Amino acid sequence: MDNAAIEEMFETLGPVTIRRMFGGKGIYFEGVIFALEVDAEILLKGDAESAPEYEQAGCRQWSYDGKGKPVKMPYWSIPDPALDDPDEMARWVRIAYAAALRTRK
């Protein structure tokens, strides 16, 4: 996904910064990473508080193969309805940013 499309996807939050990382992209707002682009898919930050919302919406948690065992990461797929509804996308963007703020160290 090109940077202009990513910026448009998150415009309801405000101007985002996009940085290349690990073969994908990190998506930041006000210096806080809250989303990733991995293999042309956007993934939203989650935490213990927001994970049940992602699960209920049918989202998939991102994991990778760590020496034969899946390693779950705190990022989730975007719910399908949000891809076609800007208001729904805005809601999930706010959920991801709130999770990022809560887990910020």
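**Close-up views of a predicted model**

**View 1. The contact between Arg-91 and Glu-53.** At a relative accessibility of 32%, Arg-91 counts as partly exposed. The structure shown is a predicted model. The side chain of Arg-91 meets that of Glu-53 in a salt bridge, with 3.7 Å from N to O. The two residues link distant parts of the chain, 38 residues apart: Arg-91 belongs to helix α4 and Glu-53 to helix α2. Glu-53 is also partly exposed, its relative accessible area being 33%. By the rule applied, the model has five salt bridges.

**View 2. The salt bridge of Arg-102 with Asp-47.** Arg-102 and Asp-47 are joined through their side chains in a salt bridge of 2.6 Å, N to O. Arg-102 is in helix α4 (residues 86–103), while Asp-47 is in the loop between β4 and α2 (51–56), so this pair ties together parts that lie 55 residues apart in sequence. With a relative accessible area of 13%, Asp-47 is buried, because buried means under 20%. Arg-102 is partly exposed, at 39%.

**View 3. The network around Arg-102.** A network of salt bridges links Asp-47, Glu-49 and Arg-102. In the salt bridge between Arg-102 and Glu-49, the closest N and O atoms are 3.5 Å apart. This pair, too, links distant parts of the chain, with Arg-102 in helix α4 and Glu-49 in the loop between β4 and α2, 53 residues apart. Glu-49 is exposed, with a relative accessible area of 55%, whereas Asp-47 is buried.

**View 4. Pairing of strand β6 with β4 and β5.** Strand β6 (residues 69–77) pairs with strand β4 (residues 41–45) in the antiparallel sense, over three bridges. Lys-45 has Tyr-75 in β6 as its bridge partner. Strand β5 (residues 61–66) also runs antiparallel to β6, and five bridges join the two. Here the bridge partner of Ser-63 is Lys-72 in β6.

**View 5. The hairpin of β5 and β6.** Two residues stand between the strands of this hairpin. In the hairpin, Lys-67 takes a positive phi near 55°.

**View 6. A patch of negative charge on the surface.** The patch gathers Asp-80, Asp-84, Asp-85 and Asp-87. Asp-80 has its place in helix α3 (residues 80–84). Asp-80 is exposed, with a relative accessible area of 59%.

Notes:
Residues are numbered from 1 along each chain as its sequence is written. This is a predicted model: local features need pLDDT of at least 70, side-chain atom pairs count only at pLDDT 80 or more; totals for chains, interfaces and linings use all residues. Side-chain values use heavy atoms; hydrogens and water are left out. Patches are made of residues with over 30% relative accessible area and no salt bridge: like charges are joined within 9 Å, nonpolar side chains (Val, Leu, Ile, Met, Phe, Trp, Tyr) within 5 Å. Accessible areas come from the Shrake-Rupley method with a 1.4 Å probe; for residues, only the protein chains shown count as cover. A salt bridge is a side-chain nitrogen of Lys or Arg within 4 Å of a carboxyl oxygen of Asp or Glu. Lys and Arg count as positive and Asp and Glu as negative; His and the chain ends are not counted. The place of a charge is taken as NZ of Lys, CZ of Arg, CG of Asp or CD of Glu. Helices (H or I, at least four residues) and strands (E, at least two) are DSSP runs, numbered from the N terminus. Buried means under 20% relative accessible area, exposed over 50%, partly exposed in between (1.4 Å probe, protein chains only). Two strands pair if DSSP finds at least two bridges between them.
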